[in-house]
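Subject: Structure for your review

Dear colleague,

Please find below the sequence and structure that I am handing over to you. My findings follow, and I would be grateful if you read them with the structure open beside the text.

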Amino acid sequence: MNHQEYMKLAISLAAATKGQTSPNPQVGAVVVKNGEILGMGAHLKAGTPHAEVHAIAAAGDKAKGADIYVTLEPCSHFGRTPPCADLIINSGINRVFIASADPNPLVSGKGIERMQDAGIEVVTGLLKEEADALNEPFFHFIKTKTPYVTIKAASSFDGKTAAKTGDSKWITSPESRQDVHRLRHEHDAILTGVNTIIHDNPLLTARLPQGGKNPIRVVLDTNLRIPADANVIRDQSVKTIIFTGCEIDRSKAEELKKYNTEVFSFSANEVPIKEVLRNLGERNIMTLFVEGGSEIHASFINSGFFQQIILYMAPKIIGGNKAIPFIGGDGANYVKDAPALEFTEIEKIGGDLRITAKPLRE
Ligand SMILES: Nc1c(/N=C/[C@@H](O)[C@H](O)[C@H](O)COP(=O)(O)O)[nH]c(=O)[nH]c1=O
């Protein structure tokens with residue numbers, strides 16, 4: 001195997017932990033000497049050992065004189081675990097290959113400098129793009145301290161998310177809906193609007209054949225209209241946070257708190273998305289899955305507070321000028337004012353298309 005292949009292995013280890021390490025990045029590491037893989041590891045959960053710790057522990061004394069391939073620049077500061085740069089120096093490793101640089105300007109380059117000062121050869125940027133893509137949500141979170149927002153929509157071929165009767169069961173295939181549960185599992189939180197709660201009474205849990213990690217549920221509900229017996233309240237398998245305006249029935253809010261539910265009221269009678277994202281960021285929620293109705297989707301798109309949209313498009317035609325489009329709101333007056341995206345991935349899934357799009361970078 002060559003340098004790229006060892007780094008690919010480290011990236012695959014990092015990729016396997018998607019959704020488990022928030023608010024930390026996904027990191028993989030591989031220790032190699034004379035073509036023999038002596039150790040490998042991934043960071044499994046925030047607060048637990050970093051990938052380099054696992055890989056070097058597996059290599060033991062043989063790490064002396066070995067190479068290490070790590071997908072993110074080794075940390076140089078005391079977080080909840082000791083600095084990996086020091087561990088690498090003390091292990092006798094004499095060459096370090098790094099894919100991504102640390103996005104935190106306060107620490108970026110410090111670990112590299114310390115290892116170089118100790119006489120270690122450091123090669124940076126090996127498969128940087130691939131490794132960076134894996135940690136796009138982490139880099140966004142470090143930069144903005146707000147969650148990386150993925151809007152998920154499901155529509156017919158003609159862009160409808162429900163028929164004019166309101167019926168929407170089911171537009172997309174069982175395979176597509178199972179893929180949605182994988183995305184729920186991978187996200188820290190899932191957000192919807194009270195209209196979806198009233199209309200669909202969703203659970204919003206991650207129900208995969210092998211189980212799944214339920215994302216924290218977030219409901220935007222300005223006037224606290226949510227039914228007290230809604231599934232997201234009574235289910236209690238995971239916390240539900242309801243964001244409201246200031247004019248709500250306080251006794252109802254008190255009642256809901258008995259069901260693993262938090263009611264957070266803003267000081268004005270509105271629920272500003274920017275403030276919701278700031279609040280979720282302060283709770284170390286790094287990734288947010290917006291499975292809203294068409295009005296919620298419209299408000300996220302019009303505010304520009306989203307990093308990607310995943311549309312599951314089914315080969316069905318619902319039609320009707322009263323049917324519900326998957327993006328609601330007033331819409332653009334002129335095409336030239338329509339938010340421009342770029343398609344980044346198009347996959348066939350269970351007879352549907354899964355189309356991923358991101359806002360065009362200025
Ligand atoms: N109608 C459809 C969807 N509908 C999505 C939401 O309107 C539903 O309330 C939500 O998925 C229900 O969540 P649950 O109770 O946890 O299963 N979403 C999809 O991908 N395809 C559809 O055809």
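In the ligand site, a polar side-chain atom of Arg-184 lies 2.8 Å from an oxygen atom of the ligand. Please bear in mind throughout that this is a predicted model.

Ser-168 takes part through its backbone, with an N or O atom placed 2.9 Å from a nitrogen atom of the ligand. Glu-291 takes part through its side chain, where an N or O atom is 3.2 Å from an oxygen atom of the ligand.

I next turn to the aromatic rings. The whole structure contains 6 aromatic pairs. One of them joins Tyr-6 and Tyr-69, whose ring centres are 5.2 Å apart and whose planes stand at 40°, a tilted arrangement. Tyr-6 belongs to helix H1 (residues 3–15) and Tyr-69 to strand E3 (residues 67–72), so this pair ties together parts that are 63 residues apart in sequence. Both tyrosines are buried, and together with Phe-97 they form one aromatic cluster.

A second pair consists of Phe-264 and Phe-266; the centres of their rings are 5.2 Å apart and the planes meet at 70°, so the pair is edge-to-face. Phe-264 has a relative accessibility of 26% and therefore counts as partly exposed, whereas Phe-266, at 12%, counts as buried. Elsewhere, Lys-169 lies over the face of Trp-170, at 4.7 Å from the ring centre.

Finally, I ask you to look at helix H4, which spans residues 110–117. Which of its residues are buried? They are Gly-111, Ile-112 and Met-115. Viewed down the helix axis, the buried residues of H4 fall within an arc of 100°, so they line one face of the helix. As background, an α-helix has 3.6 residues a turn, so residues three or four places apart point the same way. The face of H4 turned away from the buried side carries the exposed residues Glu-113 and Asp-117. The buried residues of H4 are covered by elements including helix H3 (84–91), strand E4 (95–100) and strand E5 (121–123). After H4 comes Gly-119, which has a positive phi, near 85°.

Yours sincerely,
A colleague

Notes. Residues numbered from 1 in each chain as written. Predicted model: local features only at pLDDT ≥ 70, side-chain atom pairs only at ≥ 80, totals over all residues. Heavy atoms only, no water. Buried < 20%, exposed > 50% of the residue type's maximum accessible area, 1.4 Å probe, protein only. Helix = DSSP H or I, 4+ residues; strand = E, 2+ residues; numbered from the N terminus. Arc of directions from axis to C-beta. Contact = heavy atoms within 4.5 Å. Phe/Tyr/Trp six-rings, centres within 6.5 Å; stacked < 30°, edge-to-face > 60°. Lys NZ or Arg CZ within 6 Å of the ring centre and 35° of its normal. Polar contact = N/O pair within 3.5 Å; in protein donor to acceptor, adjacent residues only side chain to side chain.
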